[in-house]
There are 4 protein chains.
Amino acid sequence: MFQMRTDLAIEARELYKERNKEEIPGVEVEKEEANEYVITRVKVLDEIGQQKIGKSIGNYITIESPSLKKADQDLKDDISKALARELKALINPNKITKTLIVGLGNRFVTPDALGPKVVDKVFVTRHLFKAYNKTEDETMANVSALAPGVMGLTGIETSEIIKGVVEKTNPDIVIAIDALASRKMERISSTIQISDTGINPGAGVGNKRLGLNKEYLGVPVYAIGIPTVVDAATMVNDTIEMIVSELKKQSTVGSEFYSMLEAMKSEEKYQLIKEVLNPYMANVMVTPKEVDDLINDLSQVIANGLNISIHPGIDLKDVNRYLN
Amino acid sequence: MFQMRTDLAIEARELYKERNKEEIPGVEVEKEEANEYVITRVKVLDEIGQQKIGKSIGNYITIESPSLKKADQDLKDDISKALARELKALINPNKITKTLIVGLGNRFVTPDALGPKVVDKVFVTRHLFKAYNKTEDETMANVSALAPGVMGLTGIETSEIIKGVVEKTNPDIVIAIDALASRKMERISSTIQISDTGINPGAGVGNKRLGLNKEYLGVPVYAIGIPTVVDAATMVNDTIEMIVSELKKQSTVGSEFYSMLEAMKSEEKYQLIKEVLNPYMANVMVTPKEVDDLINDLSQVIANGLNISIHPGIDLKDVNRYLN
Amino acid sequence: MFQMRTDLAIEARELYKERNKEEIPGVEVEKEEANEYVITRVKVLDEIGQQKIGKSIGNYITIESPSLKKADQDLKDDISKALARELKALINPNKITKTLIVGLGNRFVTPDALGPKVVDKVFVTRHLFKAYNKTEDETMANVSALAPGVMGLTGIETSEIIKGVVEKTNPDIVIAIDALASRKMERISSTIQISDTGINPGAGVGNKRLGLNKEYLGVPVYAIGIPTVVDAATMVNDTIEMIVSELKKQSTVGSEFYSMLEAMKSEEKYQLIKEVLNPYMANVMVTPKEVDDLINDLSQVIANGLNISIHPGIDLKDVNRYLN
Amino acid sequence: MFQMRTDLAIEARELYKERNKEEIPGVEVEKEEANEYVITRVKVLDEIGQQKIGKSIGNYITIESPSLKKADQDLKDDISKALARELKALINPNKITKTLIVGLGNRFVTPDALGPKVVDKVFVTRHLFKAYNKTEDETMANVSALAPGVMGLTGIETSEIIKGVVEKTNPDIVIAIDALASRKMERISSTIQISDTGINPGAGVGNKRLGLNKEYLGVPVYAIGIPTVVDAATMVNDTIEMIVSELKKQSTVGSEFYSMLEAMKSEEKYQLIKEVLNPYMANVMVTPKEVDDLINDLSQVIANGLNISIHPGIDLKDVNRYLN
């Protein structure tokens with residue numbers, strides 16, 4: 001079966017359209033354009049849609065803002081607010097909703113550290129509710145947060161750790177933050193995906209084989225992700241296609257190679273590249289030079305979005321107050 | 001009741017002897033001197049001992065090496081081996097013993113980061129046993145590791161997280177690593193305490209109120225700790241006593257102040273200092289300037305000790321191999 | 001001679017007044033109170049003042065804001081603006097002033113990392129002026145920045161490195177940022193000192209023996225510092241005085257000890273404490289638990305203040321733009 | 001002119017041979033095979049050689065060890081010793097040689113942090129020689145070290161900073177450490193290049209436009225580098241060639257495309273790929289996932305090599321002693 005090499009529903013849809021020259025049956029798409037960003041809502045309606053797009057039934061919301069990379073504080077705040085709005089619409093939390101925020105990924109591999117860094121920045125309150133023996137509050141909701149680390153460092157599947165903690169702490173919902181892989185370099189650090197389907201095997205930069213979803217955890221799982229790396233084979237693949245079309249313009253020979261490539265199914269083509277690359281490219285990542293700064297900025301954007309959407313009486317202004 | 005302000009059994013015993021001019025009933029002490037370190041084994045035998053020393057019934061082994069701070073690789077290796085020997089004697093593990101190593105403390109407060117840094121350096125295998133569906137191996141034992149973070153950052157009591165993970169992963173034993181507080185600056189970074197009583201409320205630099213012990217987790221809990229900070233009030237208290245004895249030598253007045261101090265019960269004296277200090281000293285720590293380097297070195301010493309004591313077929317030489 | 005154990009002119013003055021029950025001759029003091037902070041301007045006018053206060057002739061401006069530690073973004077911005085105003089008044093730069101910003105201290109010892117972290121955050125332009133071959137610009141001034149490291153790590157005195165760079169790059173002024181030692185825990189992270197006298201031997205947390213001043217560098221040197229540690233002996237000393245006055249209220253004996261302490265000159269007393277402490281306290285620092293966060297916040301406050309005071313066409317709003 | 005896209009003389013030579021099917025005139029090559037590594041000594045003899053290979057006249061020694069990536073302590077020590085031997089042969093230092101070690105690159109961009117991290121680990125002594133007013137010593141040589149940072153962060157060209165420091169501190173030689181770019185992923189972190197020609201414009205991952213060589217600094221400059229990244233265009237280029245030869249075996253069409261590619265001069269081909277990639281790939285790096293660990297290990301290997309080659313009375317054993 002064709003192994004989808006993107007974590008973004010929006011890209012899975014693009015791939016499908018490229019190959020089949022049609023919109024995906026069983027999938028609904030809606031666009032909303034703002035000044036500095038575009039929101040795309042992909043809804044996978046049924047089995048057919050799920051099978052075609054290779055993503056579970058549910059909602060996938062993408063906030064795209066090419067200038068997010070080099071954003072000033074205002075744009076960052078706008079994106080945090082947009083994220084908060086979309087999140088609220090999906091979850092619609094009330095002031096007694098108990099939330100567990102999970103930061104997936106490896107703190108020590110910069111492009112994979114998004115999740116842990118968000119966890120470092122969210123405002124946790126569960127221990128205060130316990131200390132003061134409260135069940136609700138006008139401004140604060142009950143929030144806990146955990147960055148369990150990756151299996152290679154713990155020897156335990158991330159999902160097992162989360163499930164253990166969920167059973168002990170009984171949150172109403174789980175929100176998982178993860179770094180994603182995109183097939184387009186231009187999407188790196190400029191796209192946020194929100195979904196209500198949790199995280200499913202193989203997703204993300206790191207390795208999480210058990211699902212982190214309602215089936216396994218027993219409570220609804222929402223996922224927030226930002227692409228931080230591009231798969232090397234994908235990059236080469238995309239480049240070749242661009243080169244060929246370049247060549248096409250210039251030489252007649254190119255067109256033959258092009259038609260040959262046309263002839264190959266894209267999965268074959270991708271597999272060929274993968275085979276060729278693997279021996280000397282295993283474990284390589286393609287990522288922006290300034291990835292360290294990007295991860296810091298973006299984790300703050302997401303943390304702020306979470307803080308203002310989950311806590312009933314908090315806005316961006318307060319966030320600074322509380323977190324400092 | 002007098003609140004014991006040290007995590008080290010060896011210091012609790014000193015305090016008792018200072019105050020009562022006698023050895024503690026119900027407590028057995030044994031010393032072993034090596035070239036570069038001294039091992040003291042404090043055994044709390046019964047209720048009386050427990051009540052007098054303020055530590056649960058069980059074994060407390062201290063490895064002291066004043067030169068550990070500025071140790072060369074050889075001494076570090078010797079200490080790792082001594083640690084491994086003592087640990088094996090306490091645990092006596094076999095090759096099917098499943099171990100969960102827990103790094104307590106806050107990764108972002110340097111003197112409290114010992115536990116998390118040890119976890120970063122131990123050799124975990126549980127996922128490999130699962131992947132290859134094995135239950136035993138000649139060289140490797142089944143080991144997992146977790147650094148759950150502190151309640152202030154997660155909103156969850158550390159012990160709850162551990163219990164959740166223990167219930168999901170069923171280890172046979174838990175080994176908890178923690179940074180400790182000492183009452184003597186000279187013990188900072190030169191003393192390792194091993195015990196088979198787990199970690200009890202209030203211990204450690206951070207805040208862990210629920211016990212991390214067999215009662216709560218249902219499996220034996222061993223603890224390894226190194227003092228990395230001194231409580232400011234303790235330091236002032238100790239200094240005053242030194243000053244006074246200085247003054248005694250010099251002036252007659254000093255002696256009166258001394259007798260007055262004598263007259264005060266040490267807990268009163270300590271409380272007085274604490275009151276005086278608190279308003280402007282809350283959350284202060286007294287720690288060595290080079291604490292960052294010390295924590296890195298010592299976490300390696302402990303991690304190596306763990307790696308060679310838990311895994312049946314591994315020695316220090318291999319440790320480098322496996323970990324690189 | 002009495003060795004002044006503070007880097008803050010404002011504290012040197014307090015010490016003098018405590019001991020001599022009078023204002024310092026040859027020193028002018030002016031106070032300005034704002035909502036959230038107090039500005040004190042200490043002007044050392046002549047040789048007498050210099051000798052009495054133990055600080056070179058010149059201006060020492062202190063911005064104190066007890067709530068700075070846990071400030072929200074608004075207060076931080078206010079402090080950055082106040083810093084910028086005071087700095088402009090001292091320097092009065094024009095758009096062709098070339099500035100070299102120097103971050104003193106050890107990046108790897110958290111409380112000493114203030115200077116290097118400010119350098120990481122200031123907006124440098126010198127290379128752009130060279131690249132576009134410009135001598136002036138409406139918005140930007142010509143700024144370079146360097147964190148030379150400490151002598152223990154480079155083998156070179158910081159001042160020698162700076163002088164070498166000054167001779168190669170010919171700045172009009174140098175601004176040095178450094179972490180300071182205070183004698184009062186309450187001043188840690190709540191006080192900013194600005195001076196036009198540069199940095200003189202022995203100042204700061206680290207070890208810088210050559211002066212970093214106009215005499216040595218040949219251009220005016222301004223210094224910005226924030227206290228991040230308290231000297232342990234100082235702390236004990238201050239505590240004892242507080243304890244004694246406590247005891248005085250309670251017992252009659254205390255008063256005798258008090259009169260004895262009175263009898264000792266404070267330098268003797270301090271020396272006694274120092275002797276008593278040293279054997280087991282060498283290289284100890286007393287610092288807040290959350291020092292890592294504090295240093296990050298404060299370095300941003302200072303960097304913002306520098307960015308808006310040095311660059312003619314930039315305000316706080318732009319700072320975010322440019323730096324992201 | 002064809003822009004050579006590798007920092008390694010050994011690769012420049014490969015490229016030449018690939019294109020011209022002959023050894024480079026004016027260039028001498030010598031190989032030495034050990035158990036775990038291969039040493040290749042490329043000597044550029046004259047103007048012709050220099051022009052053909054695109055590297056200045058001088059010696060370029062490469063130590064290659066594919067297993068260095070995952071080396072145990074023994075192999076690392078062997079490589080440090082080999083590095084020390086080659087370095088001594090080039091420099092032949094005596095005990096009064098004064099050395100300045102310079103760590104080039106950006107501490108905050110992991111794959112570019114090799115130089116600064118080596119500087120953190122070398123044993124500096126210049127300040128001790130000054131303090132004790134000595135000019136020579138049996139065990140120690142006079143060593144200083146500096147990590148000046150990159151122009152984007154300082155506003156000053158690295159070479160200007162170094163020259164300023166050289167003029168102030170008068171070392172006899174400078175040794176510059178830098179991260180390099182390779183054209184082969186398999187060389188990343190497995191190759192060390194040593195040269196006596198200093199660092200010339202454009203070399204390295206960062207941006208250093210002025211030469212760091214004897215012409216500019218006035219003293220001999222040695223360079224030690226390890227490739228840590230691959231240029232994305234290079235990777236695509238290499239991959240295409242591999243794909244084409246794959247296709248050749250499978251289809252006849254491939255061969256046509258191949259002959260077309262053959263027809264293009266490699267520089268044209270490379271430029272085409274570069275054009276195609278740039279719009280969406282500017283500032284991308286291709287680097288191993290575990291780059292953080294690799295940089296830490298390799299900086300230790302180089303630092304140890306430097307410590308034992310420069311200091312007359314020190315061996316690897318002592319290194320641990322002195323540095324801890």
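What share of the contacts in chain A with a separation of 6 or more comes from residues 24 or more positions apart? The figure is 71%, where a contact means heavy atoms within 4.5 Å.

Before you start clicking, a word on the model. This is a predicted model, in which local features need pLDDT of at least 70 and side-chain atom pairs count only at pLDDT 80 or more, while totals for chains, interfaces and linings use all residues. Residues are numbered from 1 along each chain as its sequence is written, chains are lettered from A and ligands numbered from 1 in the order in which they are written, and side-chain values use heavy atoms, with hydrogens and water left out.

**Stop 1: chain A as a whole**

Of the 324 residues in chain A, 60% are buried. Here buried means under 20% relative accessible area, exposed means over 50%, and partly exposed is in between, using a 1.4 Å probe and protein chains only.

**Stop 2**

Move to chain B and select residues 9-20, which form helix H1. Its twelve residues reach 16 Å from first C-alpha to last, close to the 16 Å expected at 1.5 Å a residue; the expected span is 1.5 Å times one less than the number of residues. Show side chains, and look for the buried residues of H1(B), among them Ile10(B), Leu15(B) and Tyr16(B). The buried residues of this helix pack against several elements of chain B, including strand S1 (27-33), helix H2 (47-53) and strand S6 (173-182). Just after H1(B), pick Lys21(B), which takes a positive phi of about 50 degrees.

**Stop 3: paired strands in chain C**

Next, select residues 58-64 of chain C, strand S3, where seven of seven residues are buried. Two strands count as paired if DSSP finds at least two bridges between them. Click on Thr62(C): it is the bridge partner of Thr40(C), and Thr62(C) also stands opposite Gln193(C) in S7(C).

Stay in chain C and select strand S8, residues 221-230. Why is S8(C) largely enclosed by the rest of the structure? Ten of its ten residues are buried, so the strand is largely enclosed. Strand S6 (residues 173-182) runs parallel to S8(C) over nine bridges, with Leu180(C) opposite Pro227(C). S7(C) joins S8(C) through three antiparallel bridges; Ile194(C) has Ile224(C) as its bridge partner.

**Stop 4: a charge over a ring**

Still in chain C, select Lys163(C) and Tyr216(C): the lysine lies over the face of the tyrosine, 5.3 Å from the ring centre. A charge sits over a ring if NZ of Lys or CZ of Arg is within 6 Å of the ring centre and within 35 degrees of the ring normal. In chain D, the charged end of Lys163(D) sits over the ring of Tyr216(D), 5.3 Å from its centre.

**Stop 5: a tyrosine in a loop**

Finish at Tyr132(D), in the loop between helix H5 (126-131) and strand S5 (142-146) of chain D. Is Tyr132(D) buried or exposed? Tyr132(D) is exposed, with a relative accessible area of 63%.

Notes
Helix = DSSP H or I, 4+ residues; strand = E, 2+ residues; numbered from the N terminus.
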